[in-house]
Amino acid sequence: FPAGKALSSFRDGGYKNTANAIAEIIDNSIDADADKIKIFTLSDYVQYTNTRQLKVNTIGVLDNGGGMTLDVLSSCLGFGESAGDKTSKIGRFGVGLTQSSISQCKRIEVYSWQNGEKPNLAYLDIDEVQASGQQNLTPAKTSKIPKEILSHYGEAIEDSGTLVLWKNCDRIDISKSDALYRRMNKHLCRVFRHFLDDDDDLGNKRI
């Protein structure tokens, strides 16, 4: 089937807001046994008629989970792909990462690494797929984490982990980072309350 048209349809896949979509990425981090999960934004100045304003163009989720092998990473942005024992995970159907991401942005980049090795990168670019008629995922390959991420968050990168970047964000709730954080905070604190408190009966604490 035409992948470009399908992706456009999947963008309307039922995520009510940016917080709901980000929650899917956090689910994956928890499933990967991460105990540190960082959410951040990057902004650029946009020129309007009379003013220049900072606007969020990238949202990132960085964790210290187990990371993905090259083979798993190569297929992680497909639909219906889920590694390991699905019955013990929050995410079971293999669609959350891709569908939540494209509901908010036009380009997804996923960097993952294990045991201090160099990161590998998988990506999905909607504009690229639509322009080229691409039907298959581009295989993951070794790639450096972007300098702007390293300069701001390099200290949070551990020996194993995953970094998800939403780029060309065109469907997020609010374009200003402070307001976006406030909008997401209440929802995420409620959804992940059992992973934020000191009681580990319903979920081990994450930072």
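In what order do the 6 strands form an open sheet?

**View 1. The open sheet of the predicted model, strand by strand.** The 6 strands are arranged in the order E1-E2-E6-E3-E4-E5, and their pairing is antiparallel; strands are DSSP runs of E with at least two residues, helices are runs of H or I with at least four residues, and both are numbered from the N terminus. Two strands are said to pair if DSSP finds at least two bridges between them. The edge strands are E1 (37-47) and E5, each of which pairs on one side only. Strands of a sheet pair through backbone hydrogen bonds, either parallel or antiparallel. This is a predicted model, in which local features need pLDDT of at least 70 and side-chain atom pairs count only at pLDDT 80 or more, while totals for chains, interfaces and linings use all residues. Residues are numbered from 1 along each chain as its sequence is written, and side-chain values use heavy atoms, with hydrogens and water left out.

**View 2. Strand E6 with its partners E3 and E2.** Strand E3 (residues 105-113) and strand E6 (residues 161-169) pair in the antiparallel sense over 8 bridges, with isoleucine 108 standing opposite tryptophan 166 in E6. Strand E2 (residues 52-63) is joined to E6 by 6 bridges, and these two strands also run antiparallel; here isoleucine 59 stands opposite tryptophan 166 in E6. Of the 9 residues of E3, 8 are buried, so this strand is largely enclosed by the rest of the structure; buried means under 20% relative accessible area, exposed over 50%, and partly exposed in between (1.4 Å probe, protein chains only).

**View 3. The hairpin of E3 and E4.** E3 and strand E4 (residues 120-125) run antiparallel and are joined by 6 bridges, and valine 110 stands opposite alanine 122 in E4. The hairpin has 6 residues between the strands, and asparagine 115 takes a positive phi near 55°.

View 4. In E4, 6 of the 6 residues are buried, so the strand is largely enclosed by the rest of the structure. Asn120, Ala122 and Leu124 point one way from E4, whereas Leu121, Tyr123 and Asp125 point the other way, and all are buried. E4 is joined by 2 bridges to strand E5 (residues 141-142), and the two run antiparallel; asparagine 120 stands opposite threonine 142 in E5.

**View 5. The chain around the sheet.** The secondary structure comes to 7 helices and 6 strands, which follow the pattern α-α-β-β-α-α-β-β-α-β-α-β-α along the sequence. With 207 residues, a compact globule would have a radius of gyration near 17 Å, and the chain, at 17 Å, agrees; the radius is taken over C-alpha atoms, and the globule rule is 2.2 Å times the number of residues to the power 0.38. The C-alpha trace spans about 55 × 40 × 35 Å along its principal axes, and buried residues make up 43% of the 207 residues. Among contacts (heavy atoms within 4.5 Å) between residues at least 6 apart in sequence, 68% join residues at least 24 apart.
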